[in-house]
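Here is a short report for a reader new to this structure. Take a look at the sequence and the model, then read on.

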Amino acid sequence: MRGHGSTDTTDEENLSSTIMASDVGDVLKALFPDSSPPTVVIGHSMGGAIAVHAAVEGCIPNLIGVVVIDVVEGTAMEALTSMQTFLRGRPNTFPSLDNAIEWCIKSGQTRNLEAAKVSMPGQLKNIASGRSAAQENFAEEAVHNEFITSNLPAGSFAEEDEEKQDEKMEESNANEQEVKKTGYTWRINLSKTEKYWNSWFHGLSNMFLSIPAAKILLLAGIDRLDKDLTVGQMQGKFQMHVLPQCGHAVHEDVPDRVAEVVATFLVRNRFAEAKENFHRPFPCC
């Protein structure tokens, strides 16, 4: 997805629902150029809204299921009124990735440290190089693995080889530290994308209900339901599961429980077969 992770596009700030839904379709075409396999699409928050748009706009040829995590039209539209205030209140820069991860936890963006280590780098870029922090992490791991798995003769390292490896590692680390001196900033200036916000969520509930594929809505609280979804849920048009004692980043705060719910959804709809001793959580709504 543009503006996320290690993806680079020529128009990073065009986050319209139509463009991002087409991005989903383009990814599927790149992965499966001949024919798309049965596909279940999963999205959280704005990503959940884009998953719904992609489904409704026919961007996923062989769609069999939709999993939407903690996004409801009513509460999302209400939250947009205070979004600029929220964006102004967060730091513009971070001296290091560790500092950014610490902010993520202390500000309540997620309650799971391990999740923050994964999700924060994809939202930031190095101020000096302009490179995504996620790309830096991958590059550092690759350099580290190259030293660990270097193709040297079997047996113990020769002393000369060890010295050369140490010199190369020190040089690589020095270069990385030089680039990182100016710190990190947000990869996308979300304030500039305000014109697209309404398109993400307007009409979302009815679009979700209109999807013919199997659907499940995971929520952090029952109070998030709006009128259309409440009626639809009572009519059995979709499955709902509430995971209490977690924040908006449901999949980050309680990943194991989200995985159980999604797995149960897949097995229940016969999209997958359960392994031995598979435990199905009771529906909670």
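## Terms and basis

Buried means under 20% relative accessible area, exposed means over 50%, and partly exposed lies in between (1.4 Å probe, protein chains only). By that rule Asp253, at 14% relative accessibility, counts as buried.

This is a predicted model: local features need pLDDT of at least 70, side-chain atom pairs count only at pLDDT 80 or more, and totals for chains, interfaces and linings use all residues. Residues are numbered from 1 along each chain as its sequence is written, and side-chain values use heavy atoms, with hydrogens and water left out.

## The sheet

Helices (H or I, at least four residues) and strands (E, at least two) are DSSP runs, numbered from the N terminus. Two strands pair if DSSP finds at least two bridges between them. Here an open sheet is built from 4 strands. Their order is β1-β2-β6-β7, and the pairing is parallel. At the edges sit β1 (39-44) and β7 (239-242), each pairing on one side only. From one strand to the next, the twist averages 15°. For such angles, axes are lines fitted to C-alpha atoms (for helices over the stretch in contact), and the angles run from 0 to 180 degrees between N-to-C directions.

Look at one pair in detail. Strand β2 covers residues 63-69 and joins β1 over 6 bridges, in the parallel sense. His44 has Ile69 in β2 as its bridge partner. In general, strands of a sheet pair through backbone hydrogen bonds, either parallel or antiparallel.

## A buried leucine

Leu243 belongs to the loop between β7 and α12 (250-253). Its relative accessible area is 3%, so Leu243 is buried. What does Leu243 touch, leaving aside its neighbours within four places in sequence? Contact means heavy atoms within 4.5 Å. The partners are Leu218, Leu219, Ala220, Val250, Val254, Arg257, Val258 and Val261. Ile222 is 21 residues from Leu243 in sequence, and their C-alpha atoms are 9.2 Å apart.

## Salt bridges

A salt bridge is a side-chain nitrogen of Lys or Arg within 4 Å of a carboxyl oxygen of Asp or Glu. The whole structure holds 5 of them. One joins Glu12 and Arg187, with the closest N and O atoms 2.6 Å apart. Glu12 lies in the segment before α1, and Arg187 in the loop between β5 (184-186) and α9 (194-201), so this pair ties together parts that are 175 residues apart in sequence. Glu12 and Arg187 are both buried.

Another joins Glu102 and Lys106 (2.6 Å, N to O). Both lie in helix α5 (residues 97-106), 4 residues apart, about one turn of the helix. Glu102 is partly exposed at 38%, while Lys106 is exposed at 67%. A further salt bridge pairs Asp253 with Arg111, with the closest N and O atoms 4.0 Å apart. This pair links distant parts of the chain, 142 residues apart: Asp253 is in helix α12, and Arg111 is in the loop between α5 and α6 (113-119).

## A nonpolar patch

Val27, Leu31 and Phe32 make a nonpolar surface patch of about 280 Å². Patches are made of residues with over 30% relative accessible area and no salt bridge; like charges are joined within 9 Å, and nonpolar side chains (Val, Leu, Ile, Met, Phe, Trp, Tyr) within 5 Å. Val27 lies in helix α1 (residues 17-31). Val27 is partly exposed, with a relative accessible area of 43%.

Key: Areas by Shrake-Rupley, 256 points an atom, 1.4 Å probe, with all protein chains shown as cover.
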